[in-house]
Amino acid sequence: MTSSAPTFCTEIFPTQTGIGTTPTTVQFNTILTDSANGFDVSDYKYHIQDGYAGFYFIGVDLIVDHSHIGNWAELQLIQTHSDGSTAKTWIGYTNGDGIT
């Protein structure tokens, strides 16, 4: 990664509640750093700025308490392209012991 590559870090503050059995957007609502001003806390998405097309590495540290809905929670990353199409990347399932 070159020094001109954009970087960002966000967090959920204080916590997110109301997650049930339907797909839910994780509300990363606090920006800690954003070198290209691409993260939007109103829609919880990172918007690629002009001149920054390419490959991105996304890391997530997320604790999910899903005990009220069962033993498993599915985690996906959804990419929305400029033409409106989407691509879903399966991250994994968790049973409370970590991602499997």
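Which residues form one aromatic cluster? In this predicted model, the cluster is made up of Phe8, Phe39, Tyr46 and Tyr56.

The count of aromatic pairs comes to three. One of them joins phenylalanine 8 and tyrosine 46, and this pair is stacked. It links distant parts of the chain, with phenylalanine 8 in strand 1 and tyrosine 46 in strand 4 (residues 45-46), 38 residues apart. Another pair, tyrosine 46 with tyrosine 56, is tilted.

| Pair | Centre to centre | Angle between planes |
|---|---|---|
| Phenylalanine 8 and tyrosine 46 | 4.4 Å | 10° |
| Tyrosine 46 and tyrosine 56 | 6.4 Å | 50° |

Tyrosine 46 is buried, because its relative accessibility is 18%. Phenylalanine 8 is partly exposed at 30%, and tyrosine 56 is partly exposed at 32%.

Aspartate 34, in strand 2 (residues 30-34), is in contact with Thr7, Phe8, Phe39 and Tyr46, leaving aside neighbours within four places in sequence. Aspartate 34 is buried and has no salt bridge; lysine 45, the nearest side chain of opposite charge, is 15 Å away. A polar atom of the aspartate 34 side chain lies 3.1 Å from the backbone nitrogen of asparagine 37. For the backbone nitrogen of phenylalanine 39, the distance to a polar atom of that side chain is 2.8 Å.

Threonine 15 sits in the loop between strand 1 (8-11) and strand 2. Threonine 15 is exposed, with a relative accessible area of 62%.

Notes
Residues are numbered from 1 along each chain as its sequence is written. This is a predicted model: local features need pLDDT of at least 70, side-chain atom pairs count only at pLDDT 80 or more; totals for chains, interfaces and linings use all residues. Side-chain values use heavy atoms; hydrogens and water are left out. Helices (H or I, at least four residues) and strands (E, at least two) are DSSP runs, numbered from the N terminus. Buried means under 20% relative accessible area, exposed over 50%, partly exposed in between (1.4 Å probe, protein chains only). Lys and Arg count as positive and Asp and Glu as negative; His and the chain ends are not counted. A salt bridge is a side-chain nitrogen of Lys or Arg within 4 Å of a carboxyl oxygen of Asp or Glu. A polar contact is a pair of N or O atoms within 3.5 Å; within protein, one must be able to donate a hydrogen and the other to accept it, and residues adjacent in sequence count only if both atoms are side-chain atoms. Contact means heavy atoms within 4.5 Å. Rings of Phe, Tyr and Trp (its six-membered ring) pair if their centres lie within 6.5 Å; planes under 30 degrees apart count as stacked, over 60 as edge-to-face and the rest as tilted.
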